[in-house]
Amino acid sequence: MVDNINSAITAMCKAYPSGRVGMANALGMSIDQFHNHMYQKVGSRFFTLAELELMEDLSGTSLFAEYSANRRGRLLVDIPKPESLDNVDLFQHEMQLNAVRGKLDQAKFAALADGVIDSKEKKTLSQMFHNSLRHQMHGFMGFLALYGVSEGSVDMFVASRKDDARECAAPGAVACRFSGEL
């Protein structure tokens, strides 16, 4: 999880094969210009949205999207492609989810050892919880995709059409379009 835009940029540069210097070159900047934009020195503007998106594309990460989602209190989840899944993948993902949940439970137990959860522990637990949710959502979307529900599976959570929400509700219940309540 990235805390601020500069840490997202730094991580994208680390993920790029030739690092920050290579990222600067790919953007058509010298390393000094890159730093001036990043730290808004010498009257330089910050990076444009197009430059940030290009850095994300070049680095092969989703760190800018993760930063943006985090900033708005949202959760970014990868939606798996059906052609890249099989039952073995789902089982492996379920095992990973169980491991992530186990680490979260251990961290919760350790945080409660002194009877108080401080801000550092809260941040760590929140990051681990988000990671757990991401794994769970990814696995569930993979399950739907593998068994032929890939197109529109996100609609179940977005409920952009009235009929989609009703199809996802329990039998005999009507789903609330906006709050997700039944």
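These legends walk through close-up views of one predicted protein model. Residues are numbered from 1 along each chain as its sequence is written, and side-chain values use heavy atoms, leaving out hydrogens and water. In this predicted model, local features need pLDDT of at least 70 and side-chain atom pairs count only at pLDDT 80 or more, while totals for chains, interfaces and linings use all residues.

View 1. The protein chain has nine helices and zero strands (DSSP runs numbered from the N terminus: H or I of at least four residues for helices, E of at least two for strands). Of its 182 residues, 28% are buried (buried means under 20% relative accessible area, exposed over 50%, partly exposed in between, with a 1.4 Å probe and protein chains only).

**View 2. Helices H1 and H2 cross.** Helix H1 (residues 5-15) packs against helix H2 (residues 19-26) at about 95 degrees, with axes 7 Å apart (axes are lines fitted to C-alpha atoms, for helices over the stretch in contact, and angles run from 0 to 180 degrees between N-to-C directions). The two helices are therefore roughly perpendicular (65 to 115 degrees; under 35 is roughly parallel, over 145 roughly antiparallel, and the rest oblique). Look for Thr 10, Met 12 and Cys 13 in H1 meeting Gly 19, Arg 20 and Met 23 in H2.

**View 3. Tyr 16 sits in the loop between H1 and H2.** Is Tyr 16 buried or exposed? Tyr 16 counts as buried because its relative accessibility is 16%. Not counting residues up to four places away in sequence, Tyr 16 touches Gly 22, Met 23, Ala 26, Leu 58 and Ser 59 (contact means heavy atoms within 4.5 Å).

**View 4. Glu 66 and Arg 134 form a salt bridge.** Side chains of opposite charge can pair when their charged atoms come close. Here the closest N and O atoms of Glu 66 and Arg 134 are 3.5 Å apart (a salt bridge is a side-chain nitrogen of Lys or Arg within 4 Å of a carboxyl oxygen of Asp or Glu). The pair links distant parts of the chain, with Glu 66 in helix H5 (residues 63-71) and Arg 134 in helix H7, 68 residues apart. Glu 66 is buried at 11% relative accessible area, while Arg 134 is partly exposed at 23%.

**View 5. Asp 105 and Lys 108 pair within helix H6.** The closest N and O atoms in this salt bridge are 3.9 Å apart. Asp 105 and Lys 108 are separated by about one helical turn, because they lie three residues apart in helix H6 (residues 87-111).
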